[in-house]
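Work through these exercises with the structure open beside you. Try each task before you read its solution.

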Amino acid sequence: MSTPSDPGRAGPVLSVRGLRVAFSTARGDVEAVRGVDLDVRAGETVAVVGESGSGKSTLASCVNRLLPENGRITAGSVRLGDLDLTTADERTLRDVRGRRVGMVPQDPMTGLNPVLTVGAQIAEALEVHDRARGSAARADAVALLERAGLTDAGHRVDQYPHEFSGGMRQRVLIAMALACRPEVLLADEPTSALDVTVQRLVLDQMAELADDLGSAVVLITHDLALAAERADRVAVMYRGEIVETGPAEELVTQPRHEYTRRLLGAAPGLAARKVRDRPAGASEGAVDPGEESPLLTLSGVVRRYRVPGRSEPLTAVDQVDLEVPVGRTVAVVGESGSGKSTTARLALRLEDPDEGTVHFDGEDVTGRRGRRLRGFRRAVQPVFQNPYASLDPRYTVEQAVAEPLVVHRVGDARTRRVAVRELLDRVALPVALAERRPHELSGGQRQRVAIARALALDPRLVVMDEAVSALDVLVQEQVLDLMVRLQEELGLSYLFITHDLAVVRLVAHRVYVMKDGRIVEHGDPEALFADPREDYTRRLLDAIPGRSLARS
Amino acid sequence: MTRLRAALSRPLVRRLAEAVVTLVGVSLLTFVVLRVVPGDQITASYGIAAGELSPDQIRSLEAYYGIDRPWPVQYLGWLGGVLSGNLGLSTASGTSVAALTAQALPNTVELAVLAIVVGLLLGIPGGMLAASRPGRARDGATQLGSLLSLSVPSFLLATALATFLANQLGWYPNGEGYRTLLEDPWLNLQQMALPALVLGVSIASPVLQTTRTAILGVRSEDFVRTARAKGVPPRLLQVRHVLRNALIPVVTMTGLQFGFLLSGALVAEQIFAVPGIGRQVLLGLQQKEYAVVQSTVLVIAVMFVLVNLLTDLVYRLVDPRVRAR
């Protein structure tokens, strides 16, 4: 897809040619971008898609020349109009940044200066480029915030970042990035840190505003479905190279490169369902045949929290009834703040319900503590979202996986060693990894370690709190496959907490939709997704990127 | 202002309650330690002659000094006095502890403020300098300087400085008898210069380290990258975005140091003949004047608590996130 400069058409506003970037590391130079060509025309949206480590963010930071200190451009050019950014001096670059190239960072929670009001930060973007000063800059900031979709902008302009939610902060950052009407807007995973329903809104508003101001958008994302939906053209990046470029629709319907095909196959919005409801009466492996006997039952559980500065306690979980049958996967979905994580903690008995009961395997375990809770603790194991945070950095993989055995005094050093090998084998990790520490593993490997640790005590129920949300699609697919395989082999039950309905569709036998601490709808995922009764469920479904693509 | 007050109201009540408990604890500890240590005001005033006193004499002296009553009665008596504004009497000089403190405390506060100013003036730019090129020569040099200032004892630095200046330049203002700021501002400031410098140097080191670490931490924050992506020039970036945020932990560190300085920089006060609160405690201890020591230590503890409250206030000013809580 090379477009030679066509006199009839406007030339590209941004043109990358033969770009190479190397990082100097302790183990020598590592090449992150290897000969990339990319054109972006005025007003166009181009998505760069790839998994983490593919070099897509590095590519973006070459455009505003904010590479990390150990990175350098070794070859090629990045032209913005007539200006070659790879050879421009710092003064010129400062003039380009913000004025001609805007940037929306990935994480809105950390992207704003906590000690300055949002108004001051937007005004600053205008002031450093002499677009406006003082009260004029402030008025512009208000107008920009309004256009970015912030209600009550006149009042909120004087607030500090901590007074805004993640979605609101991202709108502030978008307003800031577009303040000087840049020719190019770099959006590096602009919504991956946000709730699904908010994601959609923020992307809509960003697209609209960029369109109004005539800025071309370079959208960096790991989500091919999202890219295909949002961009005019999509470039797929793999190991520092662009392996395929094309109009969004064409790329999704007729992928030419093997890697694109794999990405498409793994995208949860597009992939095929991984589990089937077994026909009644059919017995299979260790799983109870016939009717579903409940393993975990929450009945009418309520959990309230005291909030400082408020006399009324906050009801995080309100009259929730939920049942996890033996050998099945039950998903709880909802936005952040819907109470789904608290429900998981109640199911794990990490918190006590204020009302209601928790039954496990027919026994009431609500009031159990200490020694009497031991059996329950063994049978129910958690896997959390961030495997890096949930694994002790000083423990080797072997120590981490063996820890539950040590805590529950199972076996001796020698039998534990054997057990660890078996567990690693079970989650498809090479035994050679046993001596490594978490920082030496990839995200997918870490999550496998976390799963192996959860399996150490032969649990019957595994509670997965956003356990695959932080993983790249291909890795996510592998972990989901592993989950399903383990369920078939061991008859495990899963309580699967997530915000991602697309993933739910793939693995869940039953789904509960939570909103404001209540279950608003539940049932079989296929049926529920085909015909959602609640508006809220519909909004969650609409938020799955690439739904339109899946249907076509 | 109302916003500030609203934010303060609840934590303030809690802090005050904590402060009361702290003060009672400090006073009890001082009281007990003073009495457990061998010797009392009689042995302190009479020296070896105390051994020749008859039991009757001792008893009447004990009654005179008020140390014949049981400990709880002594303590409550002292506490009652303090609560009604009577800090007790220094029997040796015949002046009230309140009057002594009124003379000594301003000197200590003045010295502490000057020392903090010196410490911040050395520490913050030093930290910025060290952080500007981490791991390079400049960083190494400032780090070495800070390590030296931390390891050289202040009495050594103080005497060395004083000796050098007096011998080589003939300048030793502290030899002329202390004048307060109000009596003779010019001489007072000269007299304060050396102790403030010596104390400032010792404070500069932790301030420098805190500043350096904070700057390095803030510099890798996402919002700094956001600011750079806006085209913010380096100087503005350094001051508005990096330093503003890096100062938050420096405020905490400074408050802590200020508290220690207010408890009387005994060594500096002693060497440079500044009649401050530290010397008052020392004199009280030498004379075994229980009331003097107890009350002065209490005053010091109150100052400490006040400084902590002040630090909290400043904290609220520099960090909007704390304001909201």
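**Exercise 1. The open sheet of chain A**

Task: In what order do the four strands of the open sheet in chain A stand, and is the pairing parallel or antiparallel?

Solution. The model is predicted, so read every value below as computed from it.

Step 1. Read the order across the sheet. It is S2-S1-S4-S5 in chain A. The pairing is antiparallel.

Step 2. Recall what holds such strands together. Strands of a sheet pair through backbone hydrogen bonds, either parallel or antiparallel.

Step 3. Start with S1(A), residues 12–25, and S2(A). 11 bridges join these two antiparallel strands. For one bridge, find A:Val21; its partner in S2(A) is A:Val33.

Step 4. Move to S1(A) and S4(A). Eight bridges join them, again antiparallel. Here A:Phe23 has A:Gly71 of S4(A) as its bridge partner.

Step 5. Finish with S4(A) and S5(A). Two bridges link this antiparallel pair.

**Exercise 2. A second hairpin in chain A**

Solution. 

Step 1. Locate S11 (residues 294–305) and S14 (residues 355–360) of chain A. Five bridges join them, and they run antiparallel. Across this pair, A:Leu298 faces A:Val358 of S14(A).

Step 2. Follow the chain to S15(A), residues 363–364. S14(A) pairs with S15(A) over two bridges, in the antiparallel sense. A:Asp364 is the residue opposite A:His359.

Step 3. Check the turn. S14(A) and S15(A) form a hairpin with two residues between them. A:Asp361 in that turn has a positive phi of about 55 degrees.

**Exercise 3. Two domains and one arginine**

Task: How far apart are the centres of the two domains of chain A? Why does A:Arg448 count as buried?

Solution. 

Step 1. Take the bounds from the domain assignment. Domain 1 of chain A is 12–266. Domain 2 is 295–303 + 314–393 + 459–551.

Step 2. Compare the centres, taken over C-alpha atoms. They are 34 Å apart.

Step 3. Look at the contacts. 18 residues of domain 1 touch 17 residues of domain 2 in chain A.

Step 4. Turn to A:Arg448, in helix H16 (residues 443–455) of chain A. The cut-off for buried is under 20% relative accessible area. A:Arg448 has 11% relative accessibility, so this residue counts as buried.

Step 5. Name its contacts beyond four places in sequence. Among them are A:Val427, A:Leu429, A:Gln478 and A:Leu482. A:Arg426 is 22 residues from A:Arg448 in sequence, and their C-alpha atoms are 9.6 Å apart.

**Exercise 4. Chain B and its helix H4**

Task: How many helices and strands does chain B have? Where do the buried residues of H4(B) fall, seen down the axis of the helix?

Solution. 

Step 1. Count the elements. Chain B has 14 helices and zero strands.

Step 2. Size up the chain. Its C-alpha atoms fill a box of roughly 85 × 55 × 35 Å along the principal axes. Of its 325 residues, 43% count as buried.

Step 3. At 1.5 Å a residue, its 13 residues should span 18 Å. The end C-alpha atoms are 18 Å apart, which agrees.

Step 4. List the buried residues: B:Gln74, B:Tyr75, B:Trp78, B:Gly81 and B:Val82. Down the axis of H4(B) they fall within an arc of 130 degrees, so they line one face of the helix.

Step 5. Check the other side of H4(B). There B:Pro72, B:Leu76 and B:Leu83 are exposed.

Step 6. Step just past H4(B). B:Gly85 takes a positive phi of about 95 degrees.

Conventions
Residues are numbered from 1 along each chain as its sequence is written. Chains are lettered from A and ligands numbered from 1 in the order in which they are written. This is a predicted model: local features need pLDDT of at least 70, side-chain atom pairs count only at pLDDT 80 or more; totals for chains, interfaces and linings use all residues. Side-chain values use heavy atoms; hydrogens and water are left out. The expected span of a helix is 1.5 Å times one less than its number of residues. Buried means under 20% relative accessible area, exposed over 50%, partly exposed in between (1.4 Å probe, protein chains only). The arc is that of the directions from the helix axis to the C-beta atoms. Two strands pair if DSSP finds at least two bridges between them. Domain bounds come from an automatic or database domain assignment. Contact means heavy atoms within 4.5 Å.
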